[in-house]
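Hi everyone, thanks for coming.

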Amino acid sequence: MGRLRSDTLSLCSRDPVSLYNATRYAAFLASKGQGAWGKSNWVEICQPYNTKHLLLHSWDEEKSQLIDLINSEKPNLVLIGTMTICFPGAIECAKLAKKILGKNVTVVLGGKHINETVYINSLNEVSILKNAPINLQKEKVIPDVFDLFVSGEAEHLIVRLGELIMTDSNPENVKKRIADTSISEIDTPGEWIISTIIEDEIVSQVGNTKLKNDEVPSAISVFGTKSDGFDVFPGTVTGQLFSHYSMGCVYKCSFCSESSWHAPLNLIHLL
């Protein structure tokens, strides 16, 4: 989320594709009435699920949409995805959620910026860079607004978080349960890292089971799509293809912090 005006011609999609990919399995379970997600407020609107997601382009112009959604849904789990350039906006979203909901919400930060700053190194250890959001929060550089930080493939991990929060929604208790390895003791598919801060120390748990993408429903089949074209091509309908490609972009542009130089490409899965 940046400072782009809503009336600016652009190639911006109206669909938050990354969040769709991350939450598609949770939404699928909700639609089937299965497990904790089948008892959540996602069931109420079965199709489309789009109203549970927001893609904000301008904080000044669209902040009210987030306020309205938080007040109407009163969520106990908020998932925020961010690229590096959008990180300041992610902080503002989290601050607003905490201000309105207080101790009744667990805020989780994920997305490409986390993928490139928290990763498994060549020694098979968790590396956390100095500019990683969790390190910035630990060092008090940014406010204490994020409870959990997720790097990697979160489809099944988000389902598991929902199950934990259904039994106890207090974010401090959720963080302690993560630190006590209650996640890693359970077979949660995907290559992921979930981190939190306990008593000023960073604690991480790791999942290293290969995600079988063909067994996860596509984002399109669960959420549909709202984007049928771009405003820079007035009157022209453009075809769009959702894809799932591990942790980074397929290109290696030298100027971009999201390139596959930083987040190696493992898989392209067309949906």
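Let me start with a term: buried means under 20% relative accessible area, exposed means over 50%, and partly exposed is in between, using a 1.4 Å probe and protein chains only. Some ground rules, too: this is a predicted model, where local features need pLDDT of at least 70, side-chain atom pairs count only at pLDDT 80 or more, and totals for chains, interfaces and linings use all residues. Residues are numbered from 1 along each chain as its sequence is written, and side-chain values use heavy atoms, leaving out hydrogens and water.

Okay, loops. Asn 124 isn't a glycine, yet it has a positive phi of about 65°. You'll find Asn 124 in the loop between strand E3 (118–120) and strand E4 (126–128); strands here are DSSP runs of E, at least two residues, and helices are runs of H or I, at least four, numbered from the N terminus. With a relative accessible area of 65%, Asn 124 is exposed.

Asp 200, also not a glycine, has a positive phi of about 65°. Its loop sits between strand E6 (190–198) and strand E7 (201–209), and at 49% relative accessibility Asp 200 is partly exposed.

Now, on to a helix pair. Which residues in H6 meet H7? They're Leu 161, Leu 164, Ile 165 and Thr 167, and on the H7 side we have Val 174, Arg 177 and Ile 178; contact means heavy atoms within 4.5 Å.

That's my tour, thanks!
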